[in-house]
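Here is a friendly walk through a predicted model, meant to be read with the coordinates open beside you. Please have a look at the chains before reading on.

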Amino acid sequence: MNELGLHFNLLISAILFCIGVAGVLTRKNTIVIFMCIELMLNAVNLTLVTFSVYLNNINGQIFVFFVMAVAAAEAAVGLAIILSVFRNFLTVESDEVAELAG
Amino acid sequence: MFSIFKDLILSLPLSSSLTQSEVVLPVGEISNSPLVDSRLLFLPLIPLVGALLSYLVGGKPKVEDDHHSDHDHGSSHDSHAHHGSHDSYKSGMSLSAIVATTASSLSFVLTLLLFTALGSGVSDSIVASAWSWIDAGDLNVDFKFRFDHLSAVMCLVITGIGSLIHLYASGYMAEDPHQPRFFAYLNLFLSAMLILVLGDNLLLTFVGWEGVGLCSYLLIGFWFKEMDNAKAGQKAFIVNRIGDAGFLLGMFTLFYYTGSLSPSDILAKVHNMPALAIEVAAILLLIGAAGKSAQIPLYIWLPDAMAGPTPVSALIHAATMVTSGVYMVARLAGLFSAAPHALLLVSIIGTLTAFIAATIALVQNDIKKVLAYSTVSQLGFMFMAIGAGAYSVGLYHVVTHAFFKALLFMAAGSVIVGCHHEQDMRKFGGLFKYMKFTGISYIAGTYAISGLPYGSGFFSKDSVLWATYSSTGLASTIEVSNGIFLNQALWGVGILTAALTAFYMTRSLFLTFFGTYRGHGTPHETSFNMVFPLLVLSVPSLIFSFLYGDTLLTYLAHWTRSDFLGGHHALLENHTYHQLETISMWVALISAGLSGLIYTFAKGLPAKISSLLSPIYKLLLGKWYVDELYNLVIVLPLRGISRVFFILFDRILIDGLLVTGSSVVVDVAGTTLKKIHSGTMKSSLSLMFSLFVFIILFWVIL
Amino acid sequence: MNTESLSILNIFMFILGGLSLVSGLGVVLSRKSLNSALCLVATMFLIAGQFALMRADFIATLQVMLYAGAIMILFVFVIMLLGVEKDAEKLSFSVPSYFSISFVFLFFGILFFGFRDGIITSAKSIVEGSYLDQLESTTEPINNFVTGTSSNPVLVPDLVVTPKSIGNSILVDQVVSFQAIGILLLASIVGAAFLAQTKKAPLLPGRGLKAMKEKHGSSTN
């Protein structure tokens with residue numbers, strides 16, 4: 001790995017993050033929205049690891065470890081919420097759960 | 001025909017016997033210390049209180065038949081049909097008339113008292129200060145009145161003739177249900193005019209100036225239910241206002257260069273002002289005077305002002321308001337003497353006004369219009385005198401003109417009322433046997449105005465003409481053609497105008513009072529209230545100048561040119577003057593006689609001449625199409641521009657864009673922003689993300 | 001292009017990066033949710049590959065085990081449980097979507113242009129003796145790559161990840177965060193378990209399965 005990897009990885013990470021954001025803002029299916037959130041988290045992980053390698057510091061990778069743990073926790077809870085919502089509304093489409101419409 | 005005149009003029013010695021040093025134009029300030037007398041404060045106050053009281057008191061005399069009480073005198077051209085025999089030949093005065101006349105008489109009495117105090121006292125002027133009005137930095141204006149020789153003359157004329165006209169109006173308006181308003185306005189006018197004349201400060205004079213303009217508007221449009229009357233009032237006010245703008249700018253210029261608006265201060269500092277500033281200030285002030293005193297180009301309101309009641313015409317447009325321009329110039333005499341170009345302009349405009357108005361008066365058929373144009377013409381004479389630097393001569397003509405013009409207007413009003421509100425002279429004729437007193441008065445007035453020998457108009461007009469002929473201002477340096485200078489050319493036009501004046505006034509006399517009656521019904525003499533002032537005014541119209549002309553000029557010595565101070569007999573010793581006087585006397589006699597002869601024996605001749613010279617006749621009858629010209633050049637473009645602005649700014653911009661647009665914006669914004677509240681997760685996420693991006697953006701940028 | 005400094009690892013890096021972009025797009029743009037899930041799994045594998053290329057093997061392994069192995073299984077289970085949609089979702093880009101997408105582009109612009117120099121420069125000053133200190137300018141690698149010059153010799157990062165360093169970090173340097181993560185996981189387990197309970201009574205009146213069935217008819221099941 002040489003110095004080109006730094007820039008390339010950062011670019012990939014930025015693009016993946018933005019793709020994830022686009023997905024979150026666009027899709028209607030709540031589960032797919034969650035998956036795009038995971039995609040964003042992965043992009044951030046890539047950035048962190050890249051910097052950790054190029055700054056010669058292990059703490060970046062430890063941070064990634066923590067991010068993954070949080071992502072796992074969040075996925076568990078989020079999917080549980082989706083299940084609840086499904087039980088009450090019989091749908092996972094976010095447009096139909098517009099109870100707070102004003 | 002003109003060659004005769006030319007030879008006459010050429011044969012006269014051109015170099016007058018007066019050298020430069022003898023003709024001294026008055027400059028300098030009002031001299032010695034004034035007397036303080038607070039009775040002066042009551043002088044404008046009495047008519048003001050009178051106005052209020054006469055409005056509140058109101059009422060008509062109880063002798064009237066009630067079923068006529070609701071007939072408004074809707075138009076001054078009322079048809080004769082519905083008035084029958086109930087015209088005002090009863091001498092009951094309504095309560096408001098009594099109050100108003102008493103108020104103006106009281107102010108006349110007070111003027112006499114102050115006049116005698118001035119005559120016997122040690123000082124030139126009486127002052128009285130009411131309060132300190134403006135105290136702002138450099139501008140210190142007091143509400144202060146000054147009664148000096150100039151104001152005294154003007155006040156005597158105003159209050160004296162004013163009181164007579166109030167008496168006259170009580171008869172003229174006896175059938176009008178709106179008398180309280182009328183007399184209130186009349187007294188208000190009197191008060192404003194007195195403030196104008198007595199004001200010791202140009203700003204205070206301007207208050208009176210505007211006040212008389214306002215009252216003129218109110219009184220001209222008194223019978224406002226007729227659209228034409230309202231329009232005439234509006235025209236008077238607007239044209240006056242244009243002049244007022246000039247007056248204000250002149251005041252600003254004077255204040256800028258002298259730091260004061262008081263005539264005494266200004267005249268003391270005139271030497272320090274740059275010459276251009278003096279000229280500019282003078283011309284601006286003269287624009288104001290031209291608006292008030294109906295000179296070219298702002299005279300157009302005066303003939304239309306005949307839509308008002310005749311007492312109004314007599315008071316305002318004969319004796320008082322229109323002379324305020326002359327008064328203002330005389331008050332600032334030192335300033336104008338230092339502005340020779342302005343004086344030249346004044347002479348030219350005065351002469352032109354006099355001539356053009358006289359030509360228009362020649363062909364008018366409405367008796368009031370004849371008198372209106374003759375007023376404009378005589379005002380032109382006054383301005384001729386001013387332009388020659390002889391301010392007191394202008395005032396002399398003011399005084400005599402007040403007498404005979406007020407007389408003529410009142411007599412005309414009497415004729416109109418006596419002929420059941422008919423104003424067209426073609427329907428008059430032979431009225432002398434019906435209305436002897438009115439007839440006598442009208443003859444006296446015509447005699448005076450035509451400048452027939454030894455009437456009051458004779459002396460004053462001759463003084464004006466002599467002042468023009470012998471002026472030493474710029475007019476005497478401009479050569480018109482070989483050997484003739486401008487002032488002599490102006491004299492020539494003045495003589496021609498005098499001839500025309502005599503001609504058309506005699507024409508109106510003969511058409512009205514002699515011959516056979518061409519109208520409907522039976523004319524009758526009018527009430528005592530109306531006839532008495534006529535007879536009273538006939539006397540000074542005939543003999544004032546003979547008795548008191550020289551006294552007046554000496555009284556106004558400060559404003560008089562030195563060659564007039566010796567009196568008429570001293571002037572007569574000047575050979576040139578004697579010749580000119582003889583010429584003017586014969587000119588007046590011949591043209592008056594000619595007019596009398598034509599209109600008695602050769603009644604078809606005028607019609608033949610007018611059809612022969614029909615383009616000229618059309619021009620004169622159409623008043624030189626000045627109104628139409630103004631309409632085309634000023635009014636229509638202004639209307640067009642305002643219409644453009646109306647549509648562009650008012651409709652499109654303000655109504656459309658701003659008013660409707662703002663509501664549309666709110667509506668659209670609301671409808672769009674409503675979608676944020678869709679309640680979906682997506683919208684809240686989008687909002688959150690976009691705000692986050694904004695924050696990052698600002699963080700990066702700043 | 002300076003192909004001298006391109007090694008095989010770089011080529012792999014490009015391939016893996018490119019493929020991860022493609023699969024990322026696949027996550028967002030697929031019609032069926034199951035396809036999205038599978039694309040996400042692929043993305044995770046590819047990113048794990050990137051980690052491995054950078055010799056961050058610990059994290060690479062964790063990525064595969066945790067993310068691709070556990071979390072995605074969870075997602076697939078939920079998708080299967082809640083039923084695949086009868087009609088594949090039609091991707092409709094309505095007005096709010098245009099609005100949001102523009103902000104996404106804006107954000108990417110900010111990332112690309114705004115942060116490149118700043119963060120790397122500040123990163124240089126924070127960590128001493130790092131590889132980045134040896135760079136003269138932050139865009140030097142790309143300049144070298146594009147223009148084909150190489151003023152510096154090829155530099156390779158030499159971070160070595162050992163269990164010792166990881167253990168040091170977890171249990172000594174960042175022990176607070178580590179314990180907090182533990183508590184967080186406990187909380188999430190409890191929460192998820194509670195939320196996923198089935199209850200006889202509906203949480204809201206008119207919202208239970210029976211009520212919904214009556215509302216929608218029997219078409220959804």
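## Ground rules and confidence

This is a predicted model, in which local features need pLDDT of at least 70 and side-chain atom pairs count only at pLDDT 80 or more, while totals for chains, interfaces and linings use all residues; side-chain values use heavy atoms, with hydrogens and water left out. Residues are numbered from 1 along each chain as its sequence is written, and chains are lettered from A and ligands numbered from 1 in the order in which they are written.

Let us begin with pLDDT, the predictor's confidence in each residue, from 0 to 100. Chain A has a mean pLDDT of 86, with 94% of its residues at 70 or more. Helices here are DSSP runs of H or I with at least four residues, strands are E runs of at least two, and both are numbered from the N terminus.

Chain B averages 82, and 90% of its residues score at least 70. Over residues 11–30 of chain B the pLDDT is below 50, yet this stretch has 46 contacts in the model beyond near neighbours in sequence; a contact means heavy atoms within 4.5 Å. Residues 64–90 of chain B are also below 50, with 56 such contacts. Where pLDDT is low, the predicted coordinates should not be read in detail.

## Chain B as a whole

Chain B contains 26 helices and five strands. Of its 702 residues, 57% are buried, where buried means under 20% relative accessible area, exposed over 50%, and partly exposed in between (1.4 Å probe, protein chains only). Among contacts in chain B with a separation of 6 or more, 82% involve residues 24 or more positions apart.

The accessible surface of chain B is about 28000 Å², and carbon and sulfur atoms account for 71% of it. Accessible areas come from the Shrake-Rupley method with a 1.4 Å probe, and for residues only the protein chains shown count as cover.

## Salt bridges

Side chains of opposite charge can pair when their charged atoms come close. How many salt bridges does the structure hold over all chains? There are nine, each being a side-chain nitrogen of Lys or Arg within 4 Å of a carboxyl oxygen of Asp or Glu. In one of them, B:Arg146 pairs with B:Asp200, with the closest N and O atoms 2.7 Å apart. This pair links distant parts of the chain, 54 residues apart: B:Arg146 is in strand β3 (residues 139–148), and B:Asp200 is in the loop between α5 (179–198) and α6 (202–220) of chain B. Both residues, B:Arg146 and B:Asp200, are buried.

B:Lys235 and B:Asp304 form another salt bridge, at 3.0 Å from N to O. Because B:Lys235 lies in helix α7 (residues 227–258) of chain B and B:Asp304 in helix α10 (residues 301–304) of chain B, the pair ties together parts that are 69 residues apart in sequence. B:Asp304 is partly exposed, with a relative accessible area of 25%. B:Asp627 and B:Lys623 also meet in a salt bridge, at 3.4 Å from N to O, and B:Lys623 is partly exposed at 24%. Salt bridges that share partners join B:Lys235, B:Asp304, B:Lys623 and B:Asp627 into one network.

## Where chain B meets chain C

Here, 11 residues of chain B are in contact with 10 residues of chain C. Together the two chains bury about 900 Å², 88% of it on carbon and sulfur atoms; buried area is the accessible area (1.4 Å probe) that two parts lose on being put together, summed over both. B:Phe689, B:Val693 and B:Val700 supply 40% of the area that chain B buries against chain C, more than any other three residues.

## Two buried residues

B:Ser104 sits in helix α3 (residues 95–120) of chain B and is buried, with a relative accessible area of 0%. Its side chain reaches the backbone oxygen of B:Thr101 at 3.1 Å. Not counting residues up to four places away in sequence, B:Ser104 touches B:Thr159, B:Gly162, B:Ser163, B:His166 and B:Leu190.

B:Met273 is found in the loop between α8 (263–269) and α9 (275–292) of chain B, and B:Met273 is buried at 6% relative accessible area. Leaving aside neighbours within four places in sequence, B:Met273 is in contact with B:Leu254, B:Tyr257, B:Thr258 and B:Ile278. The C-alpha atoms of B:Met273 and B:Ala338 are separated by 10.0 Å, with the residues 65 apart along the chain.

Technical notes:
A polar contact is a pair of N or O atoms within 3.5 Å; within protein, one must be able to donate a hydrogen and the other to accept it, and residues adjacent in sequence count only if both atoms are side-chain atoms.
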